[in-house]
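Hi everyone, and thanks for coming.

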Amino acid sequence: MNILLVDDEIELVSTLAERLEIRGIEAHWFTNAKDALKSAETVPYDLAILDVKMPRTSGLELRDRLKRKYPNIKFIFLTGHGSEEDYRRGAVDGAVYLVKPIQIDQLIARMNEILKT
């Protein structure tokens, strides 16, 4: 299982990756869409966990760009202050939408659910 984590909050995304790694889940993390897209060119990600609100390229825009190139990738969105519009846009195609702060066990449970679909 290859996991892509993208959030502009470096402390949050690095800690999240570390907690997943402790549980045996390898996650590649980035703080911007540009680096994430570059990584996706060489790593076949199964799941992308994206912050909805990021500077320059939002998580929703990043999802659209990843989905065009890699149609089988699944998505989970994280937000600290999402809107109903963000939820509607993010929750398409079976994507999961979680509100920060998230519990690691809840995230892993949702990851397992979405990867089974």
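**A walk through the model**

Let's begin with two residues: Phe75 is buried, and Phe77 is buried as well. Before I go on, please keep in mind that this is a predicted model.

So how are rings like these described? A pair of aromatic rings is described by the distance of the centres and the angle of the planes. Counted that way, there are two aromatic pairs here. One of them is Phe75 with Phe77, a stacked pair with 6.3 Å from centre to centre and 10° between the planes. The other aromatic pair joins Phe77 and Tyr97; this one is tilted, at 6.5 Å centre to centre and with 45° between the planes.

Phe75, Phe77 and Tyr97 make up one aromatic cluster. As for accessibility, Phe77 counts as buried because its relative accessibility is 0%. Tyr97 comes out at 15% relative accessibility, and it counts as buried too, because the cut-off is under 20%.

Now let's turn to the sheet. In what order do the strands come? Five strands build an open sheet, in the order S2-S1-S3-S4-S5, and their pairing is parallel. At the edges stand strand S2, residues 27-30, and strand S5; each has a single partner strand, so one side of each has no neighbour in the sheet. On average, neighbouring strands of this sheet are turned by 20° against each other, direction ignored.

Strand S3, residues 47-51, and strand S4 run parallel and are joined by five bridges. If you look for Asp51, its bridge partner in S4 is Leu78.

What packs on this sheet? Helix H2, residues 33-40, does, touching strand S1 (3-6) and S2, and its direction makes about 145° with that of S2. Helix H5, residues 104-116, also packs on the sheet; it touches S1, S3, S4 and S5, with its direction at about 155° to that of S4.

Ala17 lies in helix H1, which covers residues 10-22. Is Ala17 buried or exposed? Its relative accessible area is 5%, so Ala17 is buried. Not counting residues up to four places away in sequence, Ala17 touches Leu5, Ala27 and Trp29. Ala17 and Ala27 are ten residues apart along the chain, and their C-alpha atoms are separated by 5.6 Å.

Finally, two spots in the backbone. Most residues other than glycine have a negative phi, and most peptide bonds are trans. With that in mind, look at Arg56: its phi is near 65°, a positive value in a residue other than glycine. Where is Arg56? You'll find Arg56 in the loop between S3 and helix H3 (59-69). Arg56 counts as exposed, because its relative accessibility is 81%.

The other spot is the peptide bond from Lys100 to Pro101, which is cis, with omega near -5°. Pro101 itself has its place in the loop between S5 and H5.

Definitions and conventions. Residues numbered from 1 in each chain as written. Predicted model: local features only at pLDDT ≥ 70, side-chain atom pairs only at ≥ 80, totals over all residues. Heavy atoms only, no water. Phe/Tyr/Trp six-rings, centres within 6.5 Å; stacked < 30°, edge-to-face > 60°. Buried < 20%, exposed > 50% of the residue type's maximum accessible area, 1.4 Å probe, protein only. Helix = DSSP H or I, 4+ residues; strand = E, 2+ residues; numbered from the N terminus. Contact = heavy atoms within 4.5 Å. Pairing = 2+ DSSP bridges. Axes fitted to C-alpha atoms, helices over the stretch in contact; angles between N-to-C directions.
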